[in-house]
Structure formats: C-alpha cells, structure tokens
Amino acid sequence: MTGRFPRTRRLLKTSDFDRVYALKQRAGDACLLIFAASNQTGATRIGLSVSRKHGNSVVRHRIKRLLREAYRLSQNELPEGLDAILIPRAGVAAGVADYQASLLTLLPRLAKRLAANAKRDSITDPARSRTT
C-alpha cells in the first residue's frame, strides 16, 4: 500500500457508521475514542466524527486533516479488516504524532477484542456463523 488515502479506505455511508456504533466495541485514551467493527473487505476503513464541541468549522476540519494524516502514515502498521470511527476528545490539543500513537495502540486492541468475540460467537452459536 502506498502512502495514499483512497475512497475505498473511508467509511462514507450512514449505514456503515450505524453498524459500527451498534456493535458497541470501543477503546479510548486521552486524545482519541475509537469505535470498531469487522468488515468483509479485508481493508481497514475509517470514518471521522468531530463534533462542534471542538470549535468552528475551520478547527474541526483541521482536526479531520490531522486524523487522516495520522491514519495515512500508520495504515501499513494497523490490522486489516476493520471499520473504525475516530472521535477526537474535546479540549485536547493533539497533533499528528499523538493521533498516530493512539491509532497504533487502540486499533490492535480492538482487533484482538473483535477476533475474540467472533471466536466466542462461533463456538456458542454455530448457526449464526454460517453464511446464507
């Protein structure tokens, strides 16, 4: 994977965001909260949610650019097959390095948790794991 950030690496549909939020798998630290779910594409995709608590449009878009850059720089080191929604914490002045460090610690933790849940669900309910 090159250093680009194509549309195929982004969550764009409301239904994708709803699916990730509904799973309620989250992890957070001082500067970032991440909701995650497994996907079938094999690529990790991200969506951004920056609320008005952060400031006006200029401030919110700057935070989005920082988050996208942090993801772009670290995407080769992140686990594959996840849909993640990145939510920055309000009141924290974080930079690219801070967001990158958060991504590199939180996404592997969520991937591990999702894999354990999938394994547990397939053991307890084999009919649920079948594809129709």
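Alanine 27 stands opposite isoleucine 34 in strand 2. Strand 1 (26-28) and strand 2 (residues 32-38) pair in the antiparallel sense over three bridges. Two strands count as paired if DSSP finds at least two bridges between them. Helices (H or I, at least four residues) and strands (E, at least two) are DSSP runs, numbered from the N terminus.

This is a predicted model: local features need pLDDT of at least 70, side-chain atom pairs count only at pLDDT 80 or more, and totals for chains, interfaces and linings use all residues. Residues are numbered from 1 along each chain as its sequence is written, and side-chain values use heavy atoms, with hydrogens and water left out.

The sheet is open, with four strands in the order 1-2-4-3 and mixed pairing. Strand 1 and strand 3 (45-48) are at the edges with a single partner strand each, so one side of each has no neighbour in the sheet. From one strand to the next the twist averages 25 degrees.

Two helices pack on the sheet, as tabulated here. Contact means heavy atoms within 4.5 Å; axes are lines fitted to C-alpha atoms, for helices over the stretch in contact, and angles run from 0 to 180 degrees between N-to-C directions.

| Helix 1 | strand 2, strand 3, strand 4 (82-88) | about 100 degrees with strand 2 |

Lysine 24 lies in the loop between helix 1 (14-23) and strand 1. Its phi is near 60 degrees, a positive value in a residue other than glycine. Most residues other than glycine have a negative phi.
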